[in-house]
Amino acid sequence: MTSDDRIERPAAGLYGQFRDVLYDADGEPRWDRGWVRNTIVTDFRRLLAGFVRGTPTTAESVLGLAVGAGLPAWDASGPPQPSPTQAALVDPHPHLVPRAQLQLDYIDPATGTISATPTGTLQLKALLGPAVPAWPDGNHATSTLREFGLVARLDGTQVLLNYRTHPAIAKDPASTLERTIWLVF
C-alpha cells in the first residue's frame with residue numbers, strides 16, 4: 001500500500017450533469033441534447049467545507065442559475081472545455097435565474113424519480129421562458145446562450161459551483177429552454 005492509497009477523497013465522486021430541451025412557441029420540443037456532464041469547480045468544494053465548518057465562515061446555498069452569452073468566436077471553433085478553476089462566467093453580464101424560480105428536488109438514484117427525503121442527488125430545474133433573458137440589450141447583441149453555472153455565496157462573495165460551455169442556443173423570443181441539472185454527491 002502506498003501513502004497515496006491511504007488518502008481519503010470524500011468528494012472524488014462529486015459530479016454534475018445537465019440536460020437541455022428547447023421548446024417552440026407551441027410547447028413542442030425542437031430539440032433535446034440529452035444528458036451531458038458539467039464541471040464542478042473549486043469554489044463548490046470550498047462552499048461545502050464552509051457549510052461543514054460553520055462560523056466564522058458564512059456559506060449560502062444556491063442563489064440561482066447564471067446563463068451567459070460566452071463568446072461568439074466559440075461558434076466557429078467550438079466551445080472551450082470548462083475548467084475546474086473557473087471562477088465566473090466569461091460573459092461579464094450574465095442573466096440570473098433566481099433560486100425562487102428554480103425547482104429543487106432530491107432524486108432517488110435507483111429510480112431517477114423525485115424523493116421526499118434527502119438523497120445524494122439534487123436536481124435543479126430552470127425554465128427560461130419566452131423573452132428570457134431579455135436580450136438583445138446594451139450588453140448583448142443577440143439572445144444566444146453559450147455558457148452557464150450555478151452560483152452561491154461564500155463569506156459574502158458570489159461563487160461559481162459548476163460551469164459548462166455548450167454549443168450556441170439561439171433563443172428566439174417565443175421559445176422556452178428547460179435546463180435540468182443534477183448534482184451527484
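This is a predicted model: local features need pLDDT of at least 70, side-chain atom pairs count only at pLDDT 80 or more; totals for chains, interfaces and linings use all residues.
Reader: In which strand is the place of Thr-176?

Author: Thr-176 belongs to a strand that covers residues 176-184. That strand is S11.

Reader: Is Thr-176 buried or exposed?

Author: Buried means a relative accessible area under 20%. The relative accessible area of Thr-176 is 18%, and therefore Thr-176 is buried.

Reader: Leaving aside its neighbours within four places in sequence, with which residues is Thr-176 in contact?

Author: Neighbours within four places in sequence are left aside here. The residues in contact with Thr-176 are then Val-21, Leu-22, Tyr-23, Leu-127, Leu-128, Gly-129, Pro-130 and Lys-171.

Reader: How many of the residues of S11 are buried, and which point one way and which the other?

Author: In a regular strand, side chains alternate between the two faces of the sheet. In S11, Thr-176, Glu-178, Thr-180, Trp-182 and Val-184 point one way, whereas Leu-177, Arg-179, Ile-181 and Leu-183 point the other way. The strand is mostly covered, and the number of its residues that are buried is nine of nine.

Reader: Which residue of S11 stands opposite Val-21, and which stands opposite Leu-127?

Author: S1 and S11 run antiparallel and are joined by nine bridges. Strand S7 (residues 121-128) also pairs with S11 in the antiparallel sense, over eight bridges. Opposite Val-21 stands Glu-178, and opposite Leu-127 stands Glu-178.

Reader: How many residues apart in sequence are the parts that the pair of Phe-18 and Phe-148 ties together?

Author: The whole structure holds three aromatic pairs. One of them is formed by Phe-18 and Phe-148, which are edge-to-face, with 4.9 Å centre to centre and 70° between the planes. Both Phe-18 and Phe-148 are buried. Because Phe-18 lies in strand S1 (residues 15-23) and Phe-148 in strand S8 (residues 144-154), the parts tied together are apart in sequence by 130 residues.

Reader: Over the ring of which residue does the charged end of Arg-37 sit?

Author: Another arginine, Arg-33, lies over the face of Trp-31, 4.1 Å from the ring centre. The charged end of Arg-37 is 3.7 Å from the centre of its ring, and that ring belongs to Tyr-15.

Technical notes:
Residues are numbered from 1 along each chain as its sequence is written. Side-chain values use heavy atoms; hydrogens and water are left out. Helices (H or I, at least four residues) and strands (E, at least two) are DSSP runs, numbered from the N terminus. Buried means under 20% relative accessible area, exposed over 50%, partly exposed in between (1.4 Å probe, protein chains only). Contact means heavy atoms within 4.5 Å. Rings of Phe, Tyr and Trp (its six-membered ring) pair if their centres lie within 6.5 Å; planes under 30 degrees apart count as stacked, over 60 as edge-to-face and the rest as tilted. A charge sits over a ring if NZ of Lys or CZ of Arg is within 6 Å of the ring centre and within 35 degrees of the ring normal. Two strands pair if DSSP finds at least two bridges between them.
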